[in-house]
Amino acid sequence: MIQIQRFIFNPFSENTFIVWDETKEGVIIDPGCHSESERKRMVQFIEKEGINIRYLLNTHGHIDHIAGNSFVKKQWKVPFIAHEKIESEIRQTLVYGIQYGIPITELLLPEICVTQGDSVKFGDTTFSVLYTPGHAVSHISFYDAESRSVFSGDVLFQMGIGRWDFQGGNFDVLMESIINQLLILPEDTTVYCGHGDFTTIGMERRSNPYIKNYLSKI
Ligand SMILES: [Zn+2]
């Protein structure tokens, strides 16, 4: 069964997740660590727990989720896994990162591309990959059926949804991702969002105003 550690990193208060199981093998999802102290905190935690990092995973290519990619790659030398459409999003961070004070200087692209129906395995754990565009064209979510956990990046938040006004965003596509990919998961699935507090699929199905409003119209 997986264990999860959340760090809140960078000026966007992005949730970075370290996920590992009893074999001590683990992954880093969306390393947003930017400052020296953020990187140090993450390294110290992983070393203290004795976690053997196997993969770097990105849900999508926005700067707050990828700021620490190069650092992770250098530190643990692990394969980078994401959706193939992440390339254009990462290329854009090379340009706009400077404006946000998070300069990205290296074009780091995934060695392994995954999409709907693929899985990511480490230790005794298998993540199913869900393709969940609408906030970003490359957006994927990672679902662990054993623990009923989904790492949903910027698709679904507690009482909210991801922004759809960025390049590649689309409101209807986003709502379809939420309804067809996330709401079909068991009610007690914990949603580990890319920002803010965690929630459950059941809670969002019952109370999320965007979902209620959308479902009342279709
Ligand atoms: Zn985003």
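**Asking what the words mean**

Visitor: Why does Q75 count as partly exposed?

Guide: Q75 has 17 C-beta neighbours inside 10 Å. A residue is buried if 20 or more other C-beta atoms, placed from the backbone, lie within 10 Å of its own, exposed if 12 or fewer do, and partly exposed in between, so the 17 neighbours of Q75 put this residue in the class in between. Please keep in mind that this is a predicted model, in which local features need pLDDT of at least 70 and side-chain atom pairs count only at pLDDT 80 or more, while totals for chains, interfaces and linings use all residues. Residues are numbered from 1 along each chain as its sequence is written.

Visitor: Where is Q75 placed, and how far is it from G50 in space?

Guide: Q75 sits in helix α3, residues 69-76; helices (H or I, at least four residues) and strands (E, at least two) are DSSP runs, numbered from the N terminus. Q75 and G50 are 25 residues apart in sequence, and their C-alpha atoms are 14 Å apart in space.

Visitor: Is Y143 buried or exposed, and how do you know?

Guide: Y143 has 20 C-beta neighbours inside 10 Å, and therefore counts as buried.

Visitor: Which residues is Y143 in contact with, and what makes a contact?

Guide: Two residues are in contact if their C-beta atoms, placed from the backbone, lie within 7 Å. Leaving aside neighbours within four places in sequence, Y143 touches F127, S128, L130, V150 and L185 in this sense. V150, under the exclusion of neighbours within four places, has contacts that include F142, Y143, L182 and V191.

Visitor: How do you know that β9 and β10 pair?

Guide: Two strands pair if DSSP finds at least two bridges between them, and three bridges join β9 to β10, so these strands pair, running antiparallel. Within this pairing Y143 stands opposite V150. The two strands form a hairpin with four residues between them, and R148 in the turn has a positive phi of about 55°.

Visitor: What joins β10 to β13?

Guide: Four bridges join strand β10, residues 149-153, to β13, and these two run parallel; F151 has Y192 as its bridge partner, and G153 stands opposite C193. Five of the five residues of β10 are buried: S149, F151 and G153 point one way, and V150 and S152 the other way.

Visitor: What makes β14 an edge strand of its sheet?

Guide: The open sheet has six strands, in the order β7-β8-β9-β10-β13-β14, with mixed pairing. Strands β7 (119-122) and β14 (199-200) have a single partner strand each, so one side of each is left without a neighbour in the sheet. The partner of β14 is β13 (residues 190-193), joined to it by two bridges in an antiparallel arrangement, with T190 and T200 as bridge partners.

Visitor: How does the span of helix α5 compare with the expected one?

Guide: The expected span is 1.5 Å times one less than the number of residues. Helix α5 (171-182) has 12 residues and reaches 16 Å from its first C-alpha to its last, close to the 16 Å expected.

Visitor: Which residues of α5 are buried, and where do they lie around the helix?

Guide: The buried residues are L174, M175, S177, I178, Q181 and L182. Seen down the axis of α5, they fall within an arc of 170°, and therefore line one face of the helix; the arc is that of the directions from the helix axis to the C-beta atoms. The face turned away from this side carries the exposed residues D172 and N180.

Visitor: What is called a nonpolar core, and how many residues has the largest one?

Guide: A nonpolar core is a set of buried Ala, Val, Leu, Ile, Met, Phe, Trp, Tyr and Cys residues joined through C-beta atoms within 7 Å. The largest here has 49 residues, and V150 and I178 are among those with the most contacts inside it. In soluble globular proteins, nonpolar side chains tend to be buried together.
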